[in-house]
Amino acid sequence: MYIKPSENHWCGRIDSETDPLSYRVHQQVKLLDLTAEIKKVGTGKSFGLIGFKCDEGVRRNQGRRGAAKAPEEVKRAIAKFPWHLPMNTKVFDTGDIECVEGNMEEAQAELGETVSFLFKKGVTPLIIGGGHETFYGHYLGVREYLGPDASIGIINIDAHFDMRPYEQQTSSGTMFKQILDQDQNCGYLAAGIQKLGNTAALFETAHKYNVSYIVEEQLSSPDTSGALKQLDDFAAKYDNLILTLCTDVINSSFAPGVSAPSPFGLEPKKVRELIRYIVSKEKTISFDVCEVNPDFDNGNKTIALAAHFIKEGLMNFNK
């Protein structure tokens, strides 16, 4: 299921080949083939972009398929940005994991192995989904790397709880319930929740599992100090934080290319503010962006947003 990184994703305008202040991301990204022998990365921050080419979970959840195409398109968009990172920062394209013939659980397990491997090599994983089932593989890798005793706080910027029952099958709408059922050292906060995006049963499930949540109206108001305090109080309870962004949390006029569009979602600047705030915390160890669907995008709006959010994550990580 592993696909090696390709230099075809990393091209674009060149303002200078000698002045580092003029470099763009495509001039600085290195390819890291995970099938080759890899030594531990040296000094400075190091990030590994890993794509998860899967939307089988979206299909099972009766959403709009197409998110499996996002990793390639988002990487191409990131390539064109100015560098704006310290020169000792390393960014690697580490390839993609592809879901083959609907074998989502196998693909999630392989993503988990890849995430754990990157951590062990001193590389911070930044994962580009794929449907939001991407996050379950992300979580598996974090837990394998940290071991069973470390506490993990999961922050999900999303319109949906994604805590549906999974007795019949898992999907892009079940993974947070899966995690909380199997891992007593995890907690979950969802930011951006919409009442019309979740049934009353899902709100009841969230209460039963002691899930913290912030509704969209709180984040859309001029004063978000209460919401940020809720994030801080949640983060203080855990040894480590992992962040996941489902792009369907964004207003569909800004982000039409998602699996489940929302007319009353958050504005992009609010999402950017949340990402900057969360990734800057020292406890934050990894980040993913999910549910971008190029098949339904308009003028690459959603692809561009996802690329911006990933670059924001890079620039503000543990800052």
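Which residue with a positive phi follows helix 4? Gly-122 does, and its phi is near 80°. The model described here is predicted.

**Helix 4**

Helix 4 covers residues 104-120, 17 residues in total. From first C-alpha to last it reaches 24 Å. That is close to the 24 Å expected at 1.5 Å a residue. Its buried residues are Met-104, Ala-107, Gln-108, Leu-111, Gly-112, Thr-114, Val-115, Ser-116, Leu-118 and Phe-119.

Helix 9 runs over residues 225-235. Here Ala-227, Leu-228, Leu-231, Phe-234 and Ala-235 are buried. Seen down the helix axis, the buried residues of helix 9 fall within an arc of 120°, so they line one face of the helix. An α-helix has 3.6 residues a turn, so residues three or four places apart point the same way. The cover over the buried residues of helix 9 includes strand 6 (152-157), strand 7 (186-193) and strand 8 (212-215). It also includes helix 8 (216-220), strand 9 (240-246) and helix 10 (268-279).

Thr-224 lies in the loop between helix 8 and helix 9. Is Thr-224 buried or exposed? Thr-224 has a relative accessible area of 9%, so it counts as buried. Leaving aside residues up to four places away in sequence, Thr-224 touches Gln-218, Leu-219, Lys-270 and Glu-273. Thr-224 and Lys-270 are 46 residues apart in sequence. Their C-alpha atoms are 9.8 Å apart in space.

**Aromatic rings**

The model has 9 aromatic pairs. Phe-47 and Phe-317 form one that is edge-to-face. This pair links distant parts of the chain, with its members 270 residues apart. Phe-47 sits in strand 3 (residues 46-53), while Phe-317 is in the segment after helix 11 (301-316). Both Phe-47 and Phe-317 are buried. Phe-234 and Tyr-238 make a tilted pair, because their planes meet at 45°, between the limits of 30 and 60 degrees. Phe-234 and Tyr-238 are both buried as well.

| Pair | Centre to centre | Angle between planes | Type |
|---|---|---|---|
| Phe-47 and Phe-317 | 5.6 Å | 80° | edge-to-face |
| Phe-234 and Tyr-238 | 4.9 Å | 45° | tilted |

Elsewhere, ring pairs link Phe-135, Phe-176 and Tyr-188 into a cluster. Arg-64 lies over the face of Phe-296. The distance from Arg-64 to the ring centre is 4.0 Å.

**Cysteines**

How many disulfides does the model have? The count is 0. A disulfide is a covalent bond between the sulfur atoms of two cysteines. The cut-off for a disulfide is 2.5 Å. Cys-99 is buried, with a relative accessible area of 15%. Cys-246 is in no disulfide either. The nearest cysteine sulfur to that of Cys-246 belongs to Cys-290, 6.9 Å away. Cys-246 has 1% relative accessibility, so it counts as buried.

How values were computed: Residues are numbered from 1 along each chain as its sequence is written. This is a predicted model: local features need pLDDT of at least 70, side-chain atom pairs count only at pLDDT 80 or more; totals for chains, interfaces and linings use all residues. Side-chain values use heavy atoms; hydrogens and water are left out. Rings of Phe, Tyr and Trp (its six-membered ring) pair if their centres lie within 6.5 Å; planes under 30 degrees apart count as stacked, over 60 as edge-to-face and the rest as tilted. Helices (H or I, at least four residues) and strands (E, at least two) are DSSP runs, numbered from the N terminus. Buried means under 20% relative accessible area, exposed over 50%, partly exposed in between (1.4 Å probe, protein chains only). A charge sits over a ring if NZ of Lys or CZ of Arg is within 6 Å of the ring centre and within 35 degrees of the ring normal. The arc is that of the directions from the helix axis to the C-beta atoms. Contact means heavy atoms within 4.5 Å. The expected span of a helix is 1.5 Å times one less than its number of residues.
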